[in-house]
Amino acid sequence: MAFLAFEGLDGSGKSTLIKNLKLHLEKASIDYISTREPGGTELGEELRKIILKDQKPPPCAKTELLLYEAIRAQHVEQKIKPLLSEGKWVISDRFTASSIAFQAGGRNIAEKDIVWLNNFATGDLKPNLTILLDISYEESQKRMTNTNRDEKDRIEKESAQFHRAVRKSYLEQAENNPQWLVLNACESEQNLTDKLISHLKFKGFLE
């Protein structure tokens, strides 16, 4: 059993690395579930639409944070904890580190308040490993421009300064933290997959 959270700016390649990890787990006959934040449950997916909708006026910073935490509380209670108790792997595209990065780093809300809310929403549940796909703002924008996708959501439309602050927060969270693995998102897909699998073996999650 393992609880893994994947983090990074949009366009960093989280979805691709998660896909490759899932293929490896399937070959190893390991039972897993893949989920995401914001979202993960029926309620969470409905609130996701509200958060990401490009609306005027947008939710204020505190409202935005509390919506994310409401989604997270439901996600943990309804989905993540029950699956972990069954011995399944849980792979989440974003988790608590996103709130610190986006709402503390990007919105300038006090980090201590976000840490408290994260702990309250999750019952102090922490991922066994957080994988950060580190990428510059410029490269993330280039990738998003080159992919066939719908119009950017409200968060993706934030300023370069906002996204650079988010990246800075991620790197600060990861610094000297053994529960984090930082990968250079500009490396090849195969290299990233190999490094992730090797790290999971080193940590004892995989044989």
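Which helix holds both Trp-116 and Phe-120? Helix H5 (residues 111-122) does, with the two residues 4 apart, about one turn of the helix. Welcome to this predicted model, where local features need pLDDT of at least 70, side-chain atom pairs count only at pLDDT 80 or more, and totals for chains, interfaces and linings use all residues. Residues are numbered from 1 along each chain as its sequence is written, and side-chain values use heavy atoms, leaving out hydrogens and water.

**View 1. Trp-89 meets Phe-205.** Rings of Phe, Tyr and Trp (its six-membered ring) pair if their centres lie within 6.5 Å; planes under 30 degrees apart are stacked, over 60 edge-to-face, the rest tilted. The count comes to 5 aromatic pairs. Here the centres are 6.5 Å apart and the planes at 75°, so the pair is edge-to-face. Trp-89 is buried at 3% relative accessible area, whereas Phe-205, at 25%, is partly exposed (buried is under 20%, exposed over 50%, partly exposed in between, with a 1.4 Å probe and protein chains only).

**View 2. Trp-116 and Phe-120 stack.** Their ring centres lie 5.3 Å apart with planes at 5°, so this pair is stacked. Both residues are exposed.

**View 3. Arg-72 sits over Phe-95.** The charged end of Arg-72 is 5.6 Å from the ring centre of Phe-95 (the rule asks for NZ of Lys or CZ of Arg within 6 Å of the centre and within 35 degrees of the ring normal). Arg-72 is buried, with a relative accessible area of 2%. A polar atom of the Arg-72 side chain also lies 3.0 Å from the backbone oxygen of Phe-95.

Conventions: A polar contact is a pair of N or O atoms within 3.5 Å; within protein, one must be able to donate a hydrogen and the other to accept it, and residues adjacent in sequence count only if both atoms are side-chain atoms.
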